[in-house]
There are 2 protein chains.
Amino acid sequence: MSGASAATTKITEALSADDLEARLYEIGAERYHNLHPFHELLHTGALSRGQVQAWALNRYCYQAAIPMKDASLMGRIEDRELRKQWLHRVTDHDGYDEDEGGIMRWLILTDGLGLDREYVISREGALPAVRFAVEAYIRYVREQPLLQAIASSLTELFAPKIHRDRIAGMLKNYDFIDDKLMSYGTRRLNQAPVDAEFALKYVRQNAVRADQQQQVVDALLFKLNVLWIQLDALHLAYVEPKLIPPGAFQPEE
Amino acid sequence: MSGASAATTKITEALSADDLEARLYEIGAERYHNLHPFHELLHTGALSRGQVQAWALNRYCYQAAIPMKDASLMGRIEDRELRKQWLHRVTDHDGYDEDEGGIMRWLILTDGLGLDREYVISREGALPAVRFAVEAYIRYVREQPLLQAIASSLTELFAPKIHRDRIAGMLKNYDFIDDKLMSYGTRRLNQAPVDAEFALKYVRQNAVRADQQQQVVDALLFKLNVLWIQLDALHLAYVEPKLIPPGAFQPEE
């Protein structure tokens, strides 16, 4: 792959499972949203509290959609064991028994940032581009072949690094951020690798022909776009050129 | 409603929640599948072992679809609390922790009846009309408005009686049936009332206009058809006139 883009090079002959996995990691290294300038601004402390609020309330749309996406996926899985394997993704976010769940932990962040909880949950102030991207993700998982629906979760392979950078950077660089507010990311450090490992194993086993492997790559690229475009929308509205669409959240500063 | 059919009388003016509930029970009394002649044959011991096998393996299609239906419904619910309320319907059937789940309990029945488990799970021998009905149910829950998707579960209001009749009747009348084989129904005696109560409460609160109440009735009628048509298909193929479609299960007798 030297010199060429892993993301745009088509798979025309079947790769070994190891080579497919390597390709997926190369694509992540090219396109994961930790490379987005907004992420750099966020974790280096370059944003105002209002800009961090905008990020957190927009990102809530994505968080709230995850269990809907995963329940929709479960609803398409005929194999009971595979369906059971997928269940914890729903409960990780919705909560189960004593665990408050990831969505509630995200609301602890938005609470701590001084945002009204009902306003956040209503998603009224979220950027339309963010909502469209999140809706596109749910629809993709409902409608595309199961291999692609599952493969679209593979961005979790790259998640631990972004959570670590974000937690360390935000704790260090913002006086309005503390450990409690970062509990979502802290928990995901343990959850995401388990999820990613399962999806990767599924893909290694089930994408054996070149066309199937290209479908997996397409699914990963789709999902990378879903993540990237959310930061694009935030950057456009709240960093430069600060084009906040009508009805979207207006930071106080 | 005296003299008229509760099922076919349109709701043109909003009913009180109690009157709506009464109407739903009247419709159940008119159309629930405990009224089907096949059900009578089944629980009075009038069927051969082969006919009971045909029933159990066809009914497996319905059992296996329930968690797909309920996960699909969860995938459409934006309200986290409502989604969490619905979760146990998935785990009741798929199993969770120590509980083997309803699908596994149904396979204990088909095992006990001497059916090959892989054959049952493959659904290859199931009647196409049964499979179509089950698929229609999943599709209905995925595509119809949430009120109707939820209301389609209201047949559970009438389930405890059919489980009691079936358990008592089959235990008494078939020497190849024992308590272990009936464990699915025994467990549902406790689960179904909880489910039904929740859905009924939701419908009472959310169907207040006449058009919404008619939607609820339509959803119940749809679901009653899904259940009834499965017994029609079994009766046609295995009782009278014994028109078994190509590829469908052939009892040994």
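A polar contact here is a pair of N or O atoms within 3.5 Å, where one must be able to donate a hydrogen and the other to accept it. Keep that in mind for the first view; everything below comes from a predicted model.

**View 1. R204(B) meets D18(B), side chain to side chain.** The two side chains make a polar contact at 2.8 Å. R204(B) sits in helix α10 of chain B, which covers residues 183-206. Setting aside its neighbours within four places in sequence, R204(B) is in contact with A17(B), D18(B) and E21(B). As for solvent, R204(B) is partly exposed, because its relative accessible area of 27% falls between the 20% and 50% cut-offs.

**View 2. Y25(A) and F158(A) pair up edge-to-face.** Searching the whole structure turns up 21 aromatic pairs over all chains. In the pair shown here, the ring centres of Y25(A) and F158(A) are 5.9 Å apart and the planes meet at 75°, so this one counts as edge-to-face. The pair ties together distant parts of chain A: Y25(A) belongs to helix α1 (residues 17-31), while F158(A) is in the loop between α8 (146-151) and α9 (159-173), 133 residues apart. Y25(A) is partly exposed, at 37% relative accessible area, whereas F158(A) is buried, at 10%. Y32(A) joins in too: ring pairs link Y25(A), Y32(A) and F158(A) into a cluster.

**View 3. Y140(B) and F222(B) form a stacked pair.** Over in chain B, these two rings are 4.0 Å centre to centre, with 10° between the planes. Distant parts of the chain are linked here as well: Y140(B) is in helix α7 (residues 128-143) and F222(B) in helix α11 (residues 210-238), 82 residues apart. Y140(B) is buried, because its relative accessible area of 10% is under the 20% cut-off.

**View 4. An arginine lies over a tryptophan face in chain A.** Have a look at R89(A), which lies over the face of W86(A), 3.8 Å from the ring centre. Chain B has its own version: R89(B) lies over the face of W86(B), at 3.8 Å from the ring centre.

Key: Residues are numbered from 1 along each chain as its sequence is written. Chains are lettered from A and ligands numbered from 1 in the order in which they are written. This is a predicted model: local features need pLDDT of at least 70, side-chain atom pairs count only at pLDDT 80 or more; totals for chains, interfaces and linings use all residues. Side-chain values use heavy atoms; hydrogens and water are left out. Rings of Phe, Tyr and Trp (its six-membered ring) pair if their centres lie within 6.5 Å; planes under 30 degrees apart count as stacked, over 60 as edge-to-face and the rest as tilted. Helices (H or I, at least four residues) and strands (E, at least two) are DSSP runs, numbered from the N terminus. Buried means under 20% relative accessible area, exposed over 50%, partly exposed in between (1.4 Å probe, protein chains only). A charge sits over a ring if NZ of Lys or CZ of Arg is within 6 Å of the ring centre and within 35 degrees of the ring normal. Contact means heavy atoms within 4.5 Å.
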